[in-house]
Amino acid sequence: MVKNKMDCLCCWSLSKPFYLLLFLFSFPLMIASAAFNLSTISFDEGYSPLFGDGNLVRSPNGRTARLLLDRFTGAGFISSKMYKYGFFSANIKLPGDYTAGLCVAFYTSNGDVFEKTHDELDFEFLGNTEGKPWRFQTNLYGNGSTSRGREERYRLWFDPSKQFHRFYIDDVPIREVIRSEEMGGEYPSKPMSLYATIWDASNWATSGGKYKVNYKYAPFVSEFKDFVLEGCPSDPIEEFPSVECYESYSRLESADYATITRRQRSAMRKFRQRYMYYSYCYDSLRYPVPPPECVVIPSEKDRFRNTGRLRFGGSHQGRKRRSRRRGRVQVSSIEYDPDV
């Protein structure tokens, strides 16, 4: 039986040898589970509390975790193991009503192990004023390259906070990042842990910091369930993986989510044309010369010509236990606000 509930399935696919795929699905639980034939785990089988004390609430059966933000603290959890390759996902339900200033993040990082050379892959859901839709952004850092953000922002085509069912199926990848010589050492390459957090990002998340978190609406609750950790745990200091991991990598390479079909690539291109409204490759204020891995498409350049005045929070490193800390602002001019 399919439940009448709207879910957002957020997925990372870190594939061997050198590329990663980002997926975002919105569809019912039973269909989501069947999409890639993956089994789910309980919270305790794969995760541990990170911060927030009582603001991390697990269900009695251990299959669901809620992260709350109030005026005192946010909350977060972390995977019990680190992974170099794999498929990682969760069904996520976001807060509703007034959510300006909120950031709900589902990301991978190894900042606790490699403080100066950490890698990071981000899904960040950004709240909005009441009646306006959530947005989300993706980003990555490699080898400590936190001075060079590679953000893309997108509009959600559904309301991730509603309790009703919309029969919508979409196995479309939204972003592909291929390792190239141009990126050099700035491509994520070391084992990472998976994180989920909710925190106050008032100074940048909504209209460049114009709209703040309003704690009159607290607590803000995000819900995570149907956890998937499909990969082989890795020791971050080991140079070569174990025999068991080689077998796991072979299985991952043959999985449906490890490659993009011609149909998916066409659908990804259409998605990005319709829903992506910011790309770092076309932000001439931040990067007068586009980063070397960018392929500038004239039609896209014209479409994004006025979107270079957003604010970003930077790396998640150092935020985890100070959930209301104001993130690093990279751009301060807000003459034009493409977030609206």
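Analyst: Gladly! Buried means under 20% relative accessible area, exposed over 50%, and partly exposed in between (1.4 Å probe, protein chains only). Helices (H or I, at least four residues) and strands (E, at least two) are DSSP runs, numbered from the N terminus. This is a predicted model, in which local features need pLDDT of at least 70 and side-chain atom pairs count only at pLDDT 80 or more, while totals for chains, interfaces and linings use all residues. Residues are numbered from 1 along each chain as its sequence is written, and side-chain values use heavy atoms, leaving out hydrogens and water.

User: What makes the buried residues of α3 line one face of the helix?

Analyst: In α3 (residues 243–253), the buried residues are Cys245, Ser248, Tyr249 and Leu252. Seen down the axis, they fall within an arc of 100 degrees (taken from the directions from the helix axis to the C-beta atoms), so they line one face. Exposed Val243 and Glu247 sit on the face turned away from that buried side.

User: Why is Ser207 called buried?

Analyst: Its relative accessible area is 7%, and buried means under 20%. Ser207 lies in the loop between β13 (193–200) and β14.

User: How do you know that Arg265 and Glu176 meet in a salt bridge?

Analyst: A salt bridge needs a side-chain nitrogen of Lys or Arg within 4 Å of a carboxyl oxygen of Asp or Glu, and here the N to O distance is 2.9 Å. Arg265 lies in helix α4 and Glu176 in strand β12, so the pair ties together parts 89 residues apart in sequence.

User: Why does Arg265 count as partly exposed?

Analyst: Its relative accessibility is 35%, which falls in between the two cut-offs.
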